[in-house]
Amino acid sequence: QISDGAMGAYKYLEELYKKKQCDAMRFLLRVRCWELRQLPVMHRAPRSTRPDKARRLGYRAKQGYVIYRVRVRRGGRKRPNWKGIVYGKPVHQGVKGLKFERNLRSVAEERVGRRCGNLRVLNSYWINQDATYKYFEVILVDPHHNAIRHDPRINWIVNPVHKHREMRGLTSAGKHSRGLSNPKYRPSRKAGWKRNNTLSLRRYR
């Protein structure tokens with residue numbers, strides 16, 4: 001008989017990651033970060049670093065699912081102008097104080113999506129960071145594998161309309177930068193702007 005207050009293993013992991021500044025997590029993250037720095041920038045992970053988070057985002061430990069680990073350099077986006085000279089109006093003369101429109105997790109998904117063109121990006125999550133890099137794990141799905149094609153929970157991603165979702169802002173990280181959490185910008189920013197700026201005078205019949 002399991003009581004209502006009992007927690008499973010995944011719940012314990014989830015609670016542990018909510019307290020990243022406790023002694024155990026600080027030590028664990030520091031050691032893992034050292035290990036990640038020695039590994040290639042992008043590589044396939046044998047298993048998930050955060051199995052609880054991966055499962056919540058759709059990962060299953062079976063054939064057809066792949067996890068890639070990737071690191072992205074932190075910081076804003078410097079404008080790529082020669083010697084910082086912008087030939088234009090003063091309003092466009094900033095070089096250093098600029099920020100990239102999308103978040104680093106979305107950038108990580110895009111880079112993995114380019115490397116693994118035959119797979120579909122499902123989702124991604126943060127695993128670590130230091131002063132220079134942020135580290136992410138990206139969940140990919142093989143749309144040609146029968147284990148995926150026969151699974152009614154995931155075979156929606158086999159449809160060719162989902163090719164390179166990460167490039168078109170359709171993943172969770174991509175939607176975040178499109179501002180779709182605000183109902184004013186639904187179904188898209190352009191459609192929302194048009195709806196809010198169109199005067200509709202109904203005809204009396």
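**View 1. Strand 3 and strand 4 make a hairpin, with 3 residues between them.** This is a predicted model, so far as the record goes: local features need pLDDT of at least 70, side-chain atom pairs count only at pLDDT 80 or more, and totals for chains, interfaces and linings use all residues. Residues are numbered from 1 along each chain as its sequence is written, and side-chain values use heavy atoms, with hydrogens and water left out. Strand 3 covers residues 120–129 and runs antiparallel to strand 4, with 8 bridges joining the two; strands pair if DSSP finds at least two bridges between them. Look for Q129, which stands opposite K134 in strand 4. Strands here are DSSP runs of E, at least two residues long, numbered from the N terminus.

**View 2. Strand 4 also pairs with strand 2.** These two run antiparallel as well, joined by 9 bridges. Strand 4 (residues 133–141) has 8 of its 9 residues buried, so it is largely enclosed by the rest of the structure. Buried means under 20% relative accessible area (1.4 Å probe, protein chains only), exposed means over 50%, and partly exposed is in between.

**View 3. Y133 and Y135 form a tilted ring pair.** Their ring centres are 6.3 Å apart and the planes sit at 55 degrees. Rings of Phe, Tyr and Trp (its six-membered ring) pair if their centres lie within 6.5 Å; planes under 30 degrees apart are stacked, over 60 edge-to-face, and the rest tilted. Y133 is buried at 18% relative accessible area, and Y135 is buried at 2%. R71 lies over the face of Y133, 4.7 Å from the ring centre. For a charge to sit over a ring, NZ of Lys or CZ of Arg must be within 6 Å of the ring centre and within 35 degrees of the ring normal.

**View 4. The charged end of R50 sits over the ring of Y17.** The distance from that charged end to the ring centre is 4.0 Å.

Note on methods. Helices (H or I, at least four residues) and strands (E, at least two) are DSSP runs, numbered from the N terminus.
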